[in-house]
Amino acid sequence: MVDIAELRQLIVEAAPDRAQAEPALTCAEDEQLDGVIPFSSVIVLGVVVAVEDTYRIRVTKQMLQSALAGGATLRKLAVMIDQARPDKAGAGGAR
Amino acid sequence: MRVDVFTRAELDDALTAAELRELHLLGYQGPRADEWVAARAAAHRVLGLVDVLTEADGAPRVANGVLSLSHDGHWVAVALAPSGRVAVDLCARTNRERCAKVLHRLGVYGDPCMSWAGLECALKLRRRGVWTLLPDSSSIDSRGENVAAGQHGLGAVSVEPRGAGAIVRGIGDDVAVSWRSGDGYALAWAHETAIVVERKPAIKAAARSAALRGARAHRARLG
């Protein structure tokens with residue numbers, strides 16, 4: 001399982017304004033990120049780029065759409081990453 | 001259409017009763033709540049103290065006309081038109097490096113803030129999620145390489161400067177955006193008088209149905 005603490009840090013570092021994103025360091029794993037920080041598109045894609053580089057996965061349209069459906073949470077993002085990791089990925093999940 | 005940009009410092013935090021109720025229901029806290037309130041305050045400066053509520057996909061709605069809001073850094077932008085569909089996006093120049101990194105991955109070049117604002121505008125106008133910009137799983141091979149594009153990015157989205165704006169391709173039908181550079185930000189906006197009805201593949205139609213169900217449930221909760 002992806003380290004949620006590491007994921008929290010990735011989100012804060014992807015945010016233009018670190019102070020505004022700091023609630024992501026302490027919010028619950030199932031809390032909607034859009035409710036606690038300005039989870040704008042540039043942060044979302046910044047997190048995607050960071051996740052791809054850190055975990056050596058490729059995030060696709062379908063994966064992100066699924067993770068954001070109903071509101072993105074840390075747990076949903078962690079599941080998305082886990083499912084795309086080489087030892088768990090189906091066709092097209094890993095690189 | 002008209003487009004206005006306000007600094008947060010010049011906005012108050014007055015909300016209508018319906019907006020207060022929606023803010024409570026949305027459960028926004030801290031910086032996210034501040035941002036939501038600032039966007040409404042900017043809309044009120046243009047429209048007066050009317051209800052600016054939220055669709056299930058996050059787009060703002062008003063009783064008369066069509067509205068788009070964008071906030072970044074110290075600024076809030078408002079675009080308003082009598083009908084059709086409207087979109088505005090403001091990108092603070094302090095985001096330049098982050099935008100450039102993301103845009104490089106997408107294979108989009110040029111002024112990062114202008115290009116990002118143009119892309120966001122197109123997403124808003126077409127009511128598409130940010131995932132639209134990522135490669136489709138069917139275009140990723142077993143090594144994770146995007147076989148539908150070059151070495152970097154999707155390559156299916158482009159922002160082509162044209163006149164006082166750009167043509168954004170790859171997010172549904174082409175979107176013509178206008179843009180300008182402000183003091184510390186880039187601003188892009190677009191307006192279509194007629195809503196483009198797109199024929200969507202089955203997966204997108206299914207997602208749209210889910211979004212519509214969500215919108216109805218959202219309205220029912222607010223009702």
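**Sheets, helices and core of a predicted model**

Me: In this predicted model, how many of the seven residues of strand β5 of chain B are buried?
Reply: β5(B) spans residues 75–81. The strand is largely enclosed by the rest of the structure, because most of its residues are buried: six of the seven.

Me: Which strands join β5(B) by six bridges and by seven bridges?
Reply: Strand β1 (residues 2–7) of chain B runs antiparallel to β5(B), with six bridges joining them. In that pairing, Thr7(B) has Trp75(B) as its bridge partner. Strand β4 (residues 66–72) of chain B is also antiparallel to β5(B), with seven bridges. Six bridges belong to β1(B), and seven to β4(B).

Me: Which strands stand at the edges of the five-stranded open sheet of chain B, and why is one side of each left without a neighbour?
Reply: The strand order is β6-β10-β9-β8-β7, with antiparallel pairing. Each edge strand has a single partner, so one side lacks a neighbour in the sheet; these strands are β6 (85–92) and β7 (158–162) of chain B.

Me: What is the average twist from one strand to the next in that sheet?
Reply: The sheet is open and has five strands. From each strand to the next, the twist averages 25°.

Me: What is the bridge partner of Cys91(B) in β10(B)?
Reply: β6(B) pairs with β10 (residues 185–192) of chain B in the antiparallel sense, over eight bridges. In β10(B), the partner of Cys91(B) is Ala186(B).

Me: Which helix lies across β6, β7, β8, β9 and β10 of chain B?
Reply: This helix covers residues 112–125 and runs at about 150° to β6(B).

Me: Which residues have the most contacts inside the largest nonpolar core?
Reply: That core has 89 residues. Beyond four places in sequence, Val177(B) is in contact with residues including Cys121(B) and Trp189(B). Those with the most contacts inside the core are Ala117(B), Cys121(B), Val177(B) and Trp189(B).

Me: Where do the buried residues of helix α1 of chain A pack?
Reply: α1(A) covers residues 4–14, and its buried residues include Leu7(A), Leu10(A) and Ile11(A). In chain A, the buried residues of this helix pack against α2 (18–21), α4 (41–55) and α6 (74–84).

Technical notes: Residues numbered from 1 in each chain as written. Chains lettered and ligands numbered in written order. Predicted model: local features only at pLDDT ≥ 70, side-chain atom pairs only at ≥ 80, totals over all residues. Buried ≥ 20, exposed ≤ 12 C-beta atoms within 10 Å, placed from the backbone. Helix = DSSP H or I, 4+ residues; strand = E, 2+ residues; numbered from the N terminus. Contact = placed C-beta atoms within 7 Å. Pairing = 2+ DSSP bridges. Axes fitted to C-alpha atoms, helices over the stretch in contact; angles between N-to-C directions. Core = buried A, V, L, I, M, F, W, Y, C linked by C-beta atoms within 7 Å.
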